[in-house]
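This briefing concerns pockets, domains and helix packing. Please read it alongside the sequence and the model.

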Amino acid sequence: MSKNALIKGKPVADKISESLIEEIAKSNINPKLSIIRVGEKPDDLSYERGALNRCTKIGIEVEVVVLDENVSQDEYISKLHSLNEDESVDGILCFRPLPKHLDENIIKYEISVKKDVDSFNPLNLAKVVENDQTGFAPCTPTAVVEILKHYGVELKGKNITVVGRSLVVGKPVSMLLLNENATVTICHSKTEDLQDVCRKADIVVAAIGKAKMLDESYVGDGAVVVDVGINVDDEGNLCGDVDTERVLDKVSMITPVPGGVGSVTTSILAKHVLKAYRLKY
Ligand code: NAP
């Protein structure tokens, strides 16, 4: 297979953005996203730049609330409550993971379910499980499904192997794909004969966090691969969980890293802010 097998995120993100720009202009509305960031973590700052850029171009106002890295749990929750109550704020994004002294298991219940645009509150994750469209699925798993749909990949009845079972990616993406009527197998670090389970799949979704772990021995001929991983390789370059060069000849399609799933995530975030705006009325 040639490099044409690379399915990039940009066309998907652009298409979503264009439809949001049109919808916002047509309705003459001004949705607003508030981001809560604690400290100056490079990952948070990088995502924030992407979100600011994407949302501003679309016509969504973004306010970043920066809290000191020693912020107390009470102060964090009090800020969250004030954003919950602020009628000018439609969506709230809490950068995670939170610093260790803040208890995510308590804080996640404090964000308004209706403003929770990246599915922090377990009630929104429950709605993903229930296939209840009134909730918010997390942005990265939603981006995976959007990419597959954009490139015309049939999901119904297909065998999909998801490697990874985190609450952030693996589990929700598995549920979203199940909701699309795929037959989903969820794998993790205790899975036996992972290569065999992956090789039998029509579609492999990798959400592991191990640089280039999946090579050609993990993919069947003509498989579609979505690489969610964001890692740094031995040379210091950004790479995914899949060894793209080694699988390119075997797969029918694969998302690159960078330039794949990550580039669609902020447009899903923007879509969710608009949905939150609509939910208000
Ligand atoms: P995580 O919480 O560390 O979960 C990793 C999962 O991979 C776990 O379920 C783990 O199994 C499994 N795993 C680890 N080693 C394995 C092995 N050798 N064989 C099979 N399974 C194995 O990571 P995450 O938050 O889900 O993130 C996964 C990757 O996606 C990371 O690279 C992260 O940076 C990236 N990510 C990308 C985006 C984006 O926008 N593109 C967003 C979020 C995350 P156990 O459960 O058994 O430990």
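From which helix does the largest share of the lining of the largest pocket come? Helix 2 provides that share, with 6 residues. The model is predicted, so local features need pLDDT of at least 70 and side-chain atom pairs count only at pLDDT 80 or more, while totals for chains, interfaces and linings use all residues. Residues are numbered from 1 along each chain as its sequence is written, and side-chain values use heavy atoms, with hydrogens and water left out.

**Largest pocket**

- The largest pocket holds about 1600 Å³ of space; a pocket is an open set of points on a 1 Å grid over the protein atoms alone, where a 1.4 Å probe fits, with protein on both sides within 12 Å along at least five of seven lines.
- A volume is the space filled by probe spheres set on the points, which are joined across faces, edges and corners.
- Its lining comprises 50 residues, of which Tyr47, Thr140, Val168, Ile230 and Thr265 lie nearest the centre of the pocket; lining residues have an atom within 4 Å of a point.
- At least two lining residues come from each of helix 1 (10–27), helix 2 (42–58), strand 3 (91–94), helix 4 (104–107), helix 5 (122–129), helix 6 (139–150) and helix 10 (262–280); helices (H or I, at least four residues) and strands (E, at least two) are DSSP runs numbered from the N terminus.
- By class, the lining has 23 nonpolar, 15 polar and 12 charged residues; Ala, Val, Leu, Ile, Met, Phe, Trp, Tyr, Cys and Pro count as nonpolar, Asp, Glu, Lys and Arg as charged, and the others, Gly among them, as polar.

**Second largest pocket**

- The second largest pocket has a volume of about 430 Å³.
- Of its 20 lining residues, Gln133, Ala137, Thr142, Leu176 and Lys275 lie nearest the centre.
- Helix 5, helix 6, helix 7 (170–179) and helix 10 each supply at least two residues of this lining.

**Domains**

- The protein is divided into domain 1 (28–114) and domain 2 (139–262), with bounds from an automatic or database domain assignment.
- The C-alpha centres of domain 1 and domain 2 lie 29 Å apart.
- Each of the two domains contributes at least three residues to the lining of the largest pocket.

**Helix packing**

- Helix 2 and helix 10 pack at an angle of about 50°, with their axes 9 Å apart; axes are lines fitted to C-alpha atoms, for helices over the stretch in contact, and angles run from 0 to 180 degrees between N-to-C directions.
- That angle makes helix 2 oblique to helix 10; angles under 35 degrees count as roughly parallel, over 145 as roughly antiparallel, 65 to 115 as roughly perpendicular and the rest as oblique.
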